[in-house]
Amino acid sequence: VSVESRHRLVYPTYKMGNISVIVSSLCFIMQDAFDVLAEHFEFNENKGHCLAFMRASSVLKSLSYTIRNYRDLEGLACLGPQTKAVIQVIRHCCVIFISCSQLYFLFTSIFGVGLKTAEKWYRKGLRSLDEVKADTSLRFTKMQKAGLLYYDDIISSVSWEEAKAVGQIVKDACRRFDPDAAVVITGGFRRGKEFGHDVDFIITTPENGKEVGLLQKVLSELTYQLLYHRPHSFSHPYSIAQVCSESPTNLMSMDHFEKCFAILKLKKELVSSKQSEKDINGKDWKAIRVDLVIPPMNCYAFALLGWSGSRQFERDLRRYANVEKKMLLDNHGLYDKTTFLSAKTEEDIFAHLGLEYLDPSERNA
Ligand code: TTP
Ligand code: MN
Ligand code: MN
Ligand code: MN
């Protein structure tokens, strides 16, 4: 059995017939296989299969013990018929799982390039970033142009120190307009991760409605730092009917807040551990991916919960609300039939759901 992961061939010892390695990492073989299949079905827009495999992978990730043989897998929750079938296949055949993401990873790692575009480029015979850049028949979006321009910086992960420095810049810009503005780092960093692929922010004002237009003001304040931005504004107002029509199993929980996916320039001198660093070209800054989300105060707790992740945790929480409580949870609110259950804090939301409060650091599913 050979299982490849995103970036490299993992456990090459499998190929050498190292039985003990196979047995002690059975869990990882399965997990990788499930991840690959989840991605395959996401790509083919089969949500049911995709979620089934994501869940199975997540279950394996959460185990506190080591799976040593197939019997250990038998009683596990969330291993449905599809996943059981896959386990059987791995058990009895020699299977190689290669996901499209391994073929296309180089391209999908460019900011602004999704699987569809990556596949198109791959089919054209393109195999490297240089070939992509040199192909004059390609029409890049603004986002992709920025993605190519700042590729090396964006692909390198953001440290907590860098995130804090970006946080200070964003805070300063917001406070110049509203000294009471709340600026919170969400996403992986709020869950206590030391590195991330971007820095996520929730920004709001204590008074409902005062947040309107804040994003534009903040962006205009960041003239020096703003390398790229694409503000999202939704022309249609948000309504409960719309939430109800959107599937709660949506892979990406879209919301209708003012938001912006940006790239900011962070001076290395602002990061204490990197103060005197310059690269060979004398570049003394790093491009950092930043997500800014501006919910109104009455949605603040829901937006905070929704943007703190992890994605799997969000999916599971929404599914729990839906299946167990017959409620609808999303980034805007919690609805019991058509009643909006208000919440000032995340604790309130957990309480509405009848769940014990989980600290963000416990949401790394
Ligand atoms: P990410 O920033 O993609 O993920 P992360 O911060 O957990 O990890 P990374 O270090 O790779 O950045 O998303 C953060 C959370 O925001 C995630 O739970 C999903 C949520 N989210 C939405 O709710 N709606 C959106 O449109 C997007 C892009 C994210
Ligand atoms: Mn993030
Ligand atoms: Mn990410
Ligand atoms: Mn993000």
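Two strands are taken to pair if DSSP finds at least two bridges between them. Helices (H or I, at least four residues) and strands (E, at least two) are themselves DSSP runs, numbered from the N terminus.

The structure is a predicted model, in which local features need pLDDT of at least 70 and side-chain atom pairs count only at pLDDT 80 or more, while totals for chains, interfaces and linings use all residues. Residues are numbered from 1 along each chain as its sequence is written, and chains are lettered from A and ligands numbered from 1 in the order in which they are written.

Confidence comes next. On the pLDDT scale, the predictor's confidence in each residue from 0 to 100, the protein chain has a mean of 82, and 81% of its residues reach 70 or more. Residues 1–24 have pLDDT below 50, and this stretch has 35 contacts in the model beyond near neighbours in sequence; a contact requires two C-beta atoms, placed from the backbone, to lie within 7 Å. The pLDDT is also below 50 over residues 243–252, with 13 such contacts. Where pLDDT is low, the predicted coordinates should not be read in detail. For the complex, the predictor gives an ipTM of 0.96 and a pTM of 0.77.

Returning to the sheet, its three strands form an open, antiparallel arrangement in the order β10-β11-β12. The edges are β10 (327–329) and β12 (339–341), each pairing on one side only. Between β11 (residues 334–336) and β12, the antiparallel pairing extends over three bridges. Helix α16 lies across β10 and β11 and runs at about 170 degrees to β10, where axes are lines fitted to C-alpha atoms, for helices over the stretch in contact, and angles run from 0 to 180 degrees between N-to-C directions. In the loop between α16 and β10 sits Lys-326, whose phi is positive, near 55 degrees, although the residue is not glycine.

Ligand 1 is surrounded by 17 residues, the closest being Gly-187, Gly-188, Gly-196, His-197 and Gly-309; a residue is near a molecule if its C-beta atom, placed from the backbone, lies within 6 Å of it. At least two shell residues come from each of α12 (187–190), α15 (300–308) and α16 (311–325). The peptide bond from Gly-309 to Ser-310 is cis, with omega near -10 degrees, and Ser-310 lies in the loop between α15 and α16.
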